[in-house]
Amino acid sequence: MPRVSAEHLTARRDQIIDAAIVRFAANGFQATGMADVIAESGLSAGAVYRYFTSKDDLIRAIVDRVLGRAVAGFDRWLAEQDDPDPAEAVATAVDLVADVAGRAPVDPTRVAVQAWAEALRNPAVYDVVQGAYGTIRSYLREAAVRAQAAGRLPRDADPHELSAAMLSLVLGFLLQRLLLGDVPAPDYGAAVRVLLAGPPPATAS
């Protein structure tokens, strides 16, 4: 029997994840079963179960994919910043959300919002979601710590609370983008910069 290449295995796995995103985004977690994902993927049940044994496994894979892309982008941004501007950190995270949203057959951020609700009733999903957003917040915390060291933020502020507020701005963009549809990432990022810049310097009369 010929050996199956790693590329083939990766492609099949991605095919199944794409199918799950399509069905979850359209019908939600509760109304979507493994049979629906199998039908969407065009593969046999055996092929799908070879990679994923449950919906929870699929949810974890979707979160890992989306988070991996976002983290890679934020990693690159942080590596280039000696004294990161907190507003730029939020704007960068927002741009990454918008970029990830456009890479799949269906916007995966639709699944992210559903995962919030599912996490409240499903401990397995809660663990996945908590870990994912905890990772994003840890990057924002690092940006806040560096900004404090550079004098951009007060040194006596709590980095944890700063990162929590920054994450709220990112998640607020995600939610408004899906529900209202009138918040393009560049415009939102520009508004965040204005909000966090503080008042303009007083002019001499």
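Me: What is the orientation of H6 and H8 to each other?
Reply: In this predicted model, helix H6 (residues 109-119) and helix H8 (residues 159-179), both DSSP runs (H or I) of at least four residues, pack at an angle of about 110° with their axes 10 Å apart. Axes are lines fitted to C-alpha atoms over the stretch in contact, and angles between N-to-C directions run from 0 to 180 degrees. Angles under 35 degrees count as roughly parallel, over 145 as roughly antiparallel, 65 to 115 as roughly perpendicular and the rest as oblique. H6 and H8 are therefore roughly perpendicular.

Me: Which residues of H8 make the contact with H6?
Reply: Contact requires heavy atoms within 4.5 Å. H6 contributes Thr 109, Arg 110, Val 113 and Trp 116. The partners from H8 are Leu 171, Leu 174, Leu 175, Arg 177 and Leu 178.

Me: How many aromatic pairs does the structure hold?
Reply: Rings of Phe, Tyr and Trp (its six-membered ring) pair if their centres lie within 6.5 Å. Side-chain values use heavy atoms, without hydrogens or water, and residues are numbered from 1 along each chain. Local features need pLDDT of at least 70, side-chain atom pairs need 80 or more, and totals for chains, interfaces and linings use all residues. The number of aromatic pairs is 5.

Me: Which geometry do Phe 74 and Trp 77 adopt as an aromatic pair?
Reply: Being 3 residues apart in helix H4 (residues 55-79), Phe 74 and Trp 77 are separated by about one helical turn. Their ring centres lie 5.3 Å apart, with 50° between the planes. Planes under 30 degrees apart count as stacked, over 60 as edge-to-face and the rest as tilted. The pair of Phe 74 and Trp 77 is tilted.

Note on methods: Helices (H or I, at least four residues) and strands (E, at least two) are DSSP runs, numbered from the N terminus.
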